[in-house]
Structures are given as C-alpha cells and as structure tokens.
Amino acid sequence: MNKKLFWWVYLILGFYLSTYLLKNLLLPFSVQILEDLEKSIISTNNGLLIIAAIKTIIYETLYDLPVFIFSYSFVYFYFRRTNLVPKFFYLLVITLCLYFITLNTYGSVFELITISLMLIGQIILIAIFHKNYDSFFSSLFVLIQLKLAFSCLLLAPWLNHYGVGYSDLVTNIKISASYLSRSSILNFISFAFFLPFTIGAVFFILLSILYTRRLESEKREKQKEKELLKMQMLAEEAQVWQELHFLIHDLKSPLMTTAGLNSLIELKVKDPQVKEYCQKIGDSVEAVNDMISEFLHNEKRKVINVGELINFVRANVIVKNANPQVSIKIPPNLPQININRIRMARALINVIENAIQAVSSESKPLIFIKINSDKDNKVFLTIIDNGSGISQVNLAKIWNVGFSTKDKSRGLGMSFVKKVIEDHGGLIKASSILGKGTVIQIVLPGVKAND
Amino acid sequence: MARSKPFLIIIISLTLIIFPNCIKKPQVLQYTLPHLPYPIAKERVLITVAGQGPEGLVVAKICDDLKISNTFSYKATIEDLKDINSLLVAVGVSKVGMESIYTDFEQEKQRIIRLVAKANEQRIPIIMVYLGGSNRWDILNQEMLSAVGNYANYIIAISSHKSEDFFHGIAMENTIPFTLVKDMERFYVPLNSAFR
C-alpha cells in the first residue's frame with residue numbers, strides 16, 4: 001500500500017474504530033463507577049467515593065485518548081519532513097478536528113482548559129522529539145501521562161469556576177461529594193494525582209533528552225572509530241604495497257647478475273646446444289624482468305588477446321581444497337584489450353580463487369567463466385559460481401579495504417581487484433543469493449581499430 | 001532563540017485563549033425566597049430523578065436526614081403514585097446514567113411528563129429540585145427543567161449566574177415560588193419548609 005495512503009487510512013479508519021471500541025468497552029466501566037457512587041451515597045462511605053473518583057480519572061483519560069494518540073502519531077510520521085511551525089499548525093488542526101468529531105459523535109462536554117493544556121503538551125513533545133524517530137514510544141508514553149495528569153484536574157471542584165470539570169461522570173462525582181461534604185477530598189485527590197503525573201512526565205522528558213544525547217554521542221564515537229580503522233587499513237595497505245615494490249625491485253639485481261653471467265657463458269662456450277640453453281635462460285630472465293616492470297609500473301600496458309590473458313590466469317590459479325569443474329567459454333572475434341597483464345591477471349586470479357573457496361563445501365562445485373563483447377567493443381568477463389553466496393549486508397562491504405569473512409585474510413583482495421579494474425577504465429559488479437552462488441561481472445574497454 | 005520563536009508564539013496564543021476563561025469570576029447570586037412561608041406538600045413523598053443522574057438518590061437521602069417519609073425510584077411511573085401525597089422530581093440529565101439503564105433522553109422525558117401530568121391531574125403537589133449548579137447546565141437539562149417546571153408547585157435549585165434568569169423565567173411563567181441556593185448545605189431548609 002502507498003505509504004501516504006496508509007497514514008490517512010490509519011488516521012481515519014483507525015481513529016473511528018478505536019474510538020468506537022473504546023466507548024463500548026468503557027460503558028460497563030462507567031456503570032461500575034455509578035454503582036460505586038450509589039453505594040457511597042447510600043452508606044455515606046468516603047472510601048467508595050474515592051474509588052469512584054479514581055476510576056473516573058481513568059475513564060476520563062481513556063475517553064478521548066484516541067484523539068491525542070492518533071493526531072500526535074499522524075503528525076509525527078506523516079509530516080516528518082515538514083518544518084516545525086507547519087507541523088504545529090497541522091497538529092492543532094488535526095487534534096481539534098478529531099476532538100470535535102468525538103464531541104459530536106458521543107456528545108461529551110467541551111473542556112477548553114484541558115484540551116488547550118493537551119495541545120501545549122503535544123506541541124512541546126513534537127518540538128523536543130521531532131528529530132528522534134526512535135523516541136516515538138517514549139514521547140507517546142509522556143503524552144498519555146500528561147493526559148492522565150490533566151484528567152485529574154477535572155475532579156477538582158475548586159477549578160469549577162475556571163471552566164474545568166464539566167463532563168457528565170465528573171459532575172455525578174462532584175454532586176455526590178457535595179452531598180457527602182467531601183468536596184475537599186476531591187480537591188485533594190485531584191492535586192495529589194496531578195502533581196506526580198506532571199512531575200513524572202517532566203522527568204521522563206528530561207531523561208529521554210539525556211538518553212538521546214548519549215546515544216547520539218555514542219553514534220558519533222562509533223563513526224569516528226570506524227573512520228580511524230579505515231584510515232589505519234589504508235595506511236597498512238599502502239605500506240604493504242611499498243614493501244612489495246621494494247621486494248620486487250630487489251629481485252631485479254640478482255636477475256641482472258643472472259642475465260650478465262648467462263651472456264658471459266654464452267660468449268665463452270662453443271657447444272651450440274649450451275648456446276641454445278643460454279639463449280632460453282636469457283629469454284626467461286627477460287620475461288621475468290618484463291613482469292617485474294609491469295608490476296612495478298601500473299601505466300605499462302600491452303595490447304593482448306583476451307584468450308591470452310585467460311590462459312595466463314588459468315596457469316597461475318592454485319586450487320587447494322576443491323576441485324571444481326571450471327567451464328570457460330571464449331568466443332572468437334573478441335576485441336583486444338590494452339592492459340597491464342600482470343596486474344589484471346592478479347586481479348582475475350583473486351576473483352577466481354574466491355570462487356573456488358566459495359564452492360569448496362559444495363557437493364558439485366561449478367565455476368563458469370563467460371566472456372563476450374558488445375558492439376561498443378566492451379569486453380564482459382562474468383565469473384559465476386554455485387557456492388555459499390554472500391549476504392546482502394556483506395555484499396555492500398566486499399569492496400571495502402579490510403573487509404573479509406575469512407579468518408586469515410587481511411581483506412585487501414577485492415579492494416585490489418576493484419582498483420585494478422577501475423585503473424583500466426573498467427567496471428566491476430557483484431550480485432549474490434545466499435546459499436545459491438555469486439556472480440561477478442567485469443567490464444573492460446576493448447581496443448578499437450583506430451586506437 | 002530564533003528557532004524557539006514560533007514555538008513561543010503558539011504557546012502564548014494558547015495561553016491567551018485559556019486566560020480569559022480563567023479570570024471569569026462567578027457572579028453573586030440574587031437570592032430569592034429563603035424558604036416557603038407555609039408547607040405545600042404532605043408525606044409520603046415519591047422521589048424520582050429526571051435524567052438518571054445521582055441527584056434523585058441524593059435528594060432521597062436528604063429527605064431521610066430530614067425525616068421526611070419517602071419512596072425513591074429511578075424509574076417511577078404513574079402506578080407508583082398510588083398512596084402518595086406529593087411528588088419530588090430531581091432534574092439531573094446524565095448521559096452515562098441513561099446509558100446504564102439503556103434508555104435515552106426522549107424516553108426519559110416522556111416518562112417524566114406522564115408522571116408529572118398524572119400527579120397534576122390527581123392534585124398531588126410537585127416539587128422540582130435541581131442540584132446540578134453550573135456543571136449540569138446544558139440544553140438537555142434546560143429542556144427537562146422546562147418540561148417539569150410547567151407542572152411544578154415549587155422550585156428549589158442550586159443555581160449559578162448562568163441559570164438564575166432561567167429559573168426566574170420558569171417561576172414567573174407558571175406563577176410559582178422558587179428558591180435558589182448557593183450549595184447543598186443551604187438546600188435543606190427550603191426543602192424542609194415545603195413539608196413543615
């Protein structure tokens with residue numbers, strides 16, 4: 001159902017139904033109050049008068065409580081994005097409308113002072129709690145407490161001169177108390193209940209404000225901690241990369257020595273077989289040297305076939321626990337791609353190794369690598385597995401540095417993959433169904449004829 | 001400060017609405033006959049309430065206190081007038097009271113009119129009392145008071161500035177004595193004077 005429509009149905013239908021039900025439920029209760037009152041007059045029993053008076057407070061509280069609950073909750077949620085002043089206006093209008101509907105339908109007496117006090121109470125609560133939607137029930141509790149407090153005032157004969165306490169049942173109580181010469185008791189009960197309820201409501205508001213502020217500060221602290229952790233992870237990642245660079249760079253020196261000595265051997269020996277071996281050693285050293293250069297320098301790109309990349313990846317994937325059935329489909333006439341082969345291969349290896357790990361517990365582990373292209377020369381690499389899948393909550397976090405569901409992982413893998421793909425002007429997307437599998441789709445720009 | 005401005009304006013406006021109502025002072029009643037100079041009613045008296053408020057029971061208890069022999073019935077009918085020398089009708093229309101015996105205002109009014117008309121026909125003196133003061137002062141009670149007032153021989157009412165003219169009007173219209181009192185304590189004397 002439309003959310004806006006829901007709130008209007010809630011206001012109109014909910015209000016009518018709850019008011020109707022409440023009136024019917026309160027009828028036996030009002031009869032009980034009249035019986036208590038009758039007994040108190042017959043036996044001149046003050047105790048019964050007090051019981052009837054307390055029951056009347058409850059009756060008067062419940063009688064038009066739906067008016068305030070429905071108007072308050074409606075304005076609270078329906079006008080949540082509205083400014084405070086219009087919100088006050090809507091609150092006044094809706095409360096008065098519902099109040100007059102109740103008066104006309106059930107014929108009670110218009111109590112100007114109590115309705116005004118309730119309106120002031122509602123406005124104060126909206127002003128305090130309008131930003132904290134978690135505090136709705138706390139504020140509703142305070143509202144009911146205030147209604148109870150203002151209903152107590154109805155009983156005070158002292159306030160009669162000020163237009164308070166003219167409803168039917170309250171009048172019955174006042175006439176009986178007047179006969180029993182116990183109007184002072186009613187004044188006492190009225191204020192004895194009014195004060196604690198009002199003070200309680202004020203304290204509850206103060207406590208709620210303190211609690212909300214504490215929650216907010218805790219939230220801020222947590223956010224700061226999160227940011228700090230992220231920064232730490234980034235710093236750590238940067239350090240790892242730097243060390244890796246140094247390490248790979250250091251590999252170059254022994255390689256140079258090997259290449260130099262190999263050239264000397266090649267010059268000194270006469271045996272053509274040995275010369276051929278030396279040639280092969282030289283080629284291999286050069287290949288390793290190229291790989292190191294590519295790894296160290298991101299901008300080093302080569303135009304290669306997709307099949308070449310996939311074969312390189314296939315040769316380097318290490319299968320540990322599972323032996324999944326890997327199906328790779330490479331259609332002919334794919335556009336070539338301009339990539340840093342080593343980095344891109346490392347990224348794909350990462351994705352495939354994750355897929356292998358995900359299917360390790362499956363009885364029929366399957367990994368499907370699909371490659372195709374579109375008319376814009378974009379190359380689509382899709383890696384599909386039937387593994388354990390990723391929850392929607394975790395799916396949103398997989399690209400974050402430091403996020404991992406594995407115990408021994410540092411959580412750098414997928415952030416590295418994303419970085420490499422984006423460095424190549426590509427895109428990476430992940431979708432998953434928990435228990436059914438995961439799909440990772442990589443889009444890379446292909447090389448056009450005029451490039 | 002700027003953010004709390006509209007909030008303050010609304011609170012002040014509401015206070016201004018309430019305030020004039022609060023400062024209204026009750027007017028001083030212009031009291032009428034303090035009591036009757038001679039009795040107009042005899043015992044035994046039938047007491048009933050017009051509107052099912054607790055006023056009927058309260059009047060019955062006051063009669064007990066004054067040693068006035070009485071019979072009280074919430075739903076007295078013309079059959080109850082047998083062996084009765086006077087009728088005392090306490091007007092107090094209470095919706096809750098009527099709902100508790102599953103009746104409504106029209107039915108209640110018809111019952112009372114039949115009763116007072118029959119009593120009038122049998123020359124039974126009728127005393128109308130009203131204990132509601134300003135609390136009960138609404139259209140339904142005024143309608144019931146007018147209906148009973150047309151047959152009454154004496155009116156005693158706890159009155160307020162709102163109702164004073166109304167009782168004065170009924171009494172003048174039907175040329176009957178009436179006593180307006182301020183509270184329940186002052187109600188005993190005029191009631192006693194109607195019987196003794």
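Student: How many helices and strands are there in chain A?

Tutor: Chain A has 13 helices and seven strands. Helices (H or I, at least four residues) and strands (E, at least two) are DSSP runs, numbered from the N terminus. This is a predicted model, where local features need pLDDT of at least 70, side-chain atom pairs count only at pLDDT 80 or more, and totals for chains, interfaces and linings use all residues. Residues are numbered from 1 along each chain as its sequence is written, while chains are lettered from A and ligands numbered from 1 in the order in which they are written.

Student: Why is α8(A) said to lie largely in the open?

Tutor: A residue is buried if 20 or more other C-beta atoms lie within 10 Å of its own, exposed if 12 or fewer, and partly exposed in between; C-beta atoms are placed from the backbone. Of the 86 residues of α8(A), six are buried, so the helix lies largely in the open. The buried ones are Leu186(A), Ile189(A), Ser190(A), Phe194(A), Phe197(A) and Ala201(A). Their cover includes α2 (46–63), α6 (136–153) and α7 (168–179) of chain A. Across the 451 residues of chain A, 31% are buried.

Student: What makes β2 and β6 of chain A edge strands?

Tutor: Two strands pair if DSSP finds at least two bridges between them. The open sheet runs β2-β4-β5-β7-β6 in chain A, with mixed pairing. β2 (325–329) and β6 (427–433) each have a single partner strand, so one side of each is left without a neighbour in the sheet.

Student: How do you know that β5(A) pairs with β4(A)?

Tutor: Seven bridges join β4 (366–373) to β5(A), in the antiparallel sense. That passes the cut-off of at least two bridges. Asp385(A) in β5(A) is the bridge partner of Ile367(A). The hairpin of these strands has four residues between them, and there Asn377(A) takes a positive phi near 70 degrees.

Student: How many bridges join β5(A) to β7(A)?

Tutor: Eight, and the strands run antiparallel. Ile383(A) has Ile440(A) as its bridge partner in β7(A). β7(A), residues 437–445, is also joined to β6(A) by seven bridges, again antiparallel. There Ser431(A) stands opposite Val439(A).

Student: Which side chains of β5(A) point to the buried face?

Tutor: Val379(A), Leu381(A), Ile383(A) and Asp385(A) point to one face and are buried.

Student: What makes a set of residues a nonpolar core?

Tutor: The members are buried Ala, Val, Leu, Ile, Met, Phe, Trp, Tyr and Cys residues joined through C-beta atoms within 7 Å. The largest such core has 108 residues, and Val89(B) and Val148(B) have the most contacts inside it. Apart from it lies another core, of 30 residues, among them Val306(A), Ala347(A), Ile356(A) and Ile440(A).

Student: How many residues does the contact take from chain A and from chain B?

Tutor: Residues are in contact if their C-beta atoms, placed from the backbone, lie within 7 Å. The contact takes 32 residues from chain A and 29 residues from chain B. α1(B) gives the most to the chain B side, with nine residues.

Notes:
Contact = placed C-beta atoms within 7 Å.
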